[in-house]
Amino acid sequence: MPDLIQLALDQGVPQETIIYILMYPVILTVIAAARQVVGIKAFGIYTPSIIAVAFLATTLKYGLAIFFVVLAVALGTRFILKSSKLLYISKTAIMLSVVALAVLAFLALGGSFRRTGLANVSIFPLLIMITIVEKFVVVQIENGFKTAMYLAVETIFLASVCYYLVKWEAFQNLVLAYPAIVVLIVILNIALGKWTGLRLSEYFRFRDVINNVELPRKK
Amino acid sequence: MLSYLERSKLILGMNARNMLYVRPYNPKSAKKIADDKLLCKKVLKKADLPVPFLLGKIRNPEELANFDWNTLPKSFVLKPNRGLGGEGIMVVYGKNKKSGNWVKADRQEITIPELEAHIRNVFEGNYSLSGQPDTVFFEERVKLNRIFKPYSYRGIPDVRIIVFNRMPIMAMLRLPTEQSRGRANLHLGGICLGIDLTTGVTTHAISRNLSTQQDYRIEYLPGTRIPLAGIRIPYWQESLEIASMCQEVSGLGFLGVDIMLDRDRGPVVAEINARPGLSIQNANQAPLRERLERVKGLKISSAKKGVRLAQDLFGGEIEEEVEEATGKRVVGIFKKIIIEGPRGKRIVDAKLDTGAYYTSIDEELAIELGFGEVVKAFKEYFPHFHGSLMFPGKDIDYQLAETRKIRDLHIEEIVQKSTGLLQNIRLVSSSNGISIRPVIETKIILDRSAILTKATIVRRKHLRFPVIIGRKSLKSFIIDVGKKKEESL
């Protein structure tokens with residue numbers, strides 16, 4: 001494993017890329033644990049993980065800014081299109097186009113306020129943010145706006161936690177020095193996959209029942 | 001008393017539901033039935049289980065264009081076939097005579113073009129799992145049972161019953177409210193009421209805060225002073241048996257069965273659910289995991305048996321409440337008891353008879369228990385005095401006085417001969433006259449409490465119960481005449 005990393009470095013793969021790739025399983029595990037043990041649902045596992053990666057590329061500050069712009073514009077557009085009798089796919093296409101233009105405007109605006117970091121954001125994190133919109137809309141249709149909003153906040157929270165974990169230097173060094181940690185992560189996930197205990201959120205959800213439980217009298 | 005952590009292990013959480021119950025017990029083919037309402041209807045109907053009648057279906061735009069709206073009656077329910085959580089359902093309850101338009105449950109009129117638009121939305125998958133294209137069907141509108149009238153807002157309540165291993169494990173009543181706009185789902189603002197499995201009477205109630213998605217307990221119907229506990233669900237036994245049979249027919253091992261109680265038809269199965277929600281635990285204030293684990297692996301041969309066993313195991317909450325409030329135990333009329341005499345104890349069937357004052361036991365049982373000496377000595381002097389009419393035509397006072405005289409004549413001698421076991425000789429007046437009976441002392445264990453009581457010995461061979469327990473021994477009990485015979489002690 002260390003040889004593989006050395007080889008990649010020798011071939012000119014940036015160290016940052018290697019760290020992020022090695023960290024991706026860590027991010028996934030954090031999200032899986034958040035769901036299985038804590039009870040944070042977010043938008044599944046892929047969405048928060050990919051947003052975490054996008055944050056790594058844009059830095060958290062700009063990442064969050066872009067996320068909220070994208071979401072706000074998407075919701076606004078959707079609201080305007082609501083009464084139109086267009087098919088779902090066409091509506092989504094229009095909405096995503098408007099979002100894309102809004103992001104362009106936002107970047108230009110950021111540049112003019114000398115936020116060079118914003119202007120330098122590469123295309124992929126931007127696209128990632130935009131795809132979140134569709135996820136949001138699907139949840140909104142199925143479970144309502146409140147749930148979608150709730151899950152969006154959870155997603156951002158999880159992505160931020162992952163962001164700080166990956167940016168933590170001591171942890172980065174550890175993973176670089178012992179890439180075998182990634183194997184440990186698989187074992188951890190197997191354990192998580194078999195976990196049948198209550199989630200932390202469920203301790204709260206069922207607190208009344210837990211407090212009142214009495215084992216039935218032996219009959 | 002268990003610690004908080006130990007108690008929390010009795011709760012069924014999402015992880016355990018999925019890993020331990022949904023996945024191992026619900027095969028894919030069976031889940032298909034649960035997720036496809038039309039298929040489910042067909043499967044249940046084939047098994048002779050009651051379902052709302054199908055009025056028609058529209059599967060694609062072509063069928064929609066050719067659909068003859070005149071085939072629909074005045075009232076009906078439109079449902080997306082794979083709709084989730086009550087979304088996309090439209091209830092139509094009549095026709096406006098003037099305009100000829102249908103009227104929805106929210107009193108709004110709806111025209112055919114509007115109905116068509118709604119159906120096209122369903123086709124597009126706007127109401128189905130992850131936006132898959134869907135079809136619609138029409139079914140009869142279930143009529144509101146009178147009992148539920150004060151409790152429901154523009155919709156039909158339904159009963160959710162969780163079934164596992166042929167046994168109804170837990171149940172709740174779901175009421176449509178103003179907040180849920182006539183739908184009975186908790187996550188839309190409906191109310192859920194826990195149900196005591198034995199009696200079919202509601203116990204606790206919860207509502208959900210839609211912003212925080214947290215359940216909280218309520219006592220009264222929102223906006224009223226109508227208490228939610230104590231509603232007696234009609235057709236209860238039948239509903240439980242239907243739910244149990246749904247499990248067998250669907251092939252799902254762990255499921256939630258939703259039953260509506262039609263005013264005329266009785267219970268009809270609205271749908272079945274392969275991943276039943278967990279808030280039923282909050283509605284019942286009882287843990288599900290512990291119940292499921294208790295019945296795992298039991299061999300249950302029929303729905304009826306499953307229901308009966310479940311009621312014995314998990315029911316009785318109402319009784320326990322009465323017991324708590326009065327300090328008295330609730331027992332049925334028929335009960336197995338342990339009775340003790342000088343020669344040992346026997347387990348026998350007893351009848352709890354509030355019409356009798358004294359407890360009485362059958363002569364043969366008395367001999368078995370070791371009161372043979374008493375019976376022998378008594379018979380020597382009173383061979384004929386077992387409940388016979390002794391002085392026909394005379395009034396009761398005369399009869400009593402005469403019988404007392406006869407008794408007093410011999411009582412001393414009999415007490416002496418019966419080796420101290422005879423306590424007294426008593427006159428007992430009953431519908432067939434006055435009888436003289438020997439009285440002994442015995443210990444009875446009734447519903448786990450021991451009662452030291454005097455009992456008369458009588459020849460009851462022709463009767464079903466060798467022991468009748470009278471009022472005198474029942475002071476710490478409440479008799480529930482509706483309670484079924486219990487096989488347990």
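Mentor: Let's begin with a side chain: that of B:Thr177 reaches the backbone nitrogen of B:Gln179 at 3.3 Å. The side chain of B:Thr177 also reaches the backbone oxygen of B:Gly189, here at 2.8 Å. Please keep in mind that this is a predicted model. As for its place in the chain, B:Thr177 sits in the loop between strand 8 (167-175) and strand 9 (191-196) of chain B. Is this residue buried or exposed? B:Thr177 counts as buried because its relative accessibility is 9%, and the cut-off for buried is under 20%. If we set aside neighbours within four places in sequence, B:Thr177 is in contact with B:Tyr153, B:Gly182, B:Arg183, B:Gly189, B:Gly190 and B:Ile191.

Now let's step back to where the two chains meet. Chain A brings 31 residues to the contact and chain B brings 43 residues. Between them, chain A and chain B bury about 3,300 Å², with 50% of it on carbon and sulfur atoms. There are 0 salt bridges between chain A and chain B, while 10 residue pairs are in polar contact across the interface, both residues being at pLDDT 80 or more. On the side of chain A that touches chain B, the elements giving two or more residues are helix 7 (123-143), helix 8 (145-167), helix 11 (200-205) and helix 12 (207-212) of chain A. Helix 12 of chain A gives the most to that side, with 6 residues. By type, the residues on the side of chain A that touches chain B are 14 nonpolar, 6 polar and 11 charged.

Notes
Residues are numbered from 1 along each chain as its sequence is written. Chains are lettered from A and ligands numbered from 1 in the order in which they are written. This is a predicted model: local features need pLDDT of at least 70, side-chain atom pairs count only at pLDDT 80 or more; totals for chains, interfaces and linings use all residues. Side-chain values use heavy atoms; hydrogens and water are left out. Contact means heavy atoms within 4.5 Å. Buried area is the accessible area (1.4 Å probe) that two parts lose on being put together, summed over both. A salt bridge is a side-chain nitrogen of Lys or Arg within 4 Å of a carboxyl oxygen of Asp or Glu. A polar contact is a pair of N or O atoms within 3.5 Å; within protein, one must be able to donate a hydrogen and the other to accept it, and residues adjacent in sequence count only if both atoms are side-chain atoms. Helices (H or I, at least four residues) and strands (E, at least two) are DSSP runs, numbered from the N terminus. Ala, Val, Leu, Ile, Met, Phe, Trp, Tyr, Cys and Pro count as nonpolar, Asp, Glu, Lys and Arg as charged, and the others, Gly among them, as polar. Buried means under 20% relative accessible area, exposed over 50%, partly exposed in between (1.4 Å probe, protein chains only).
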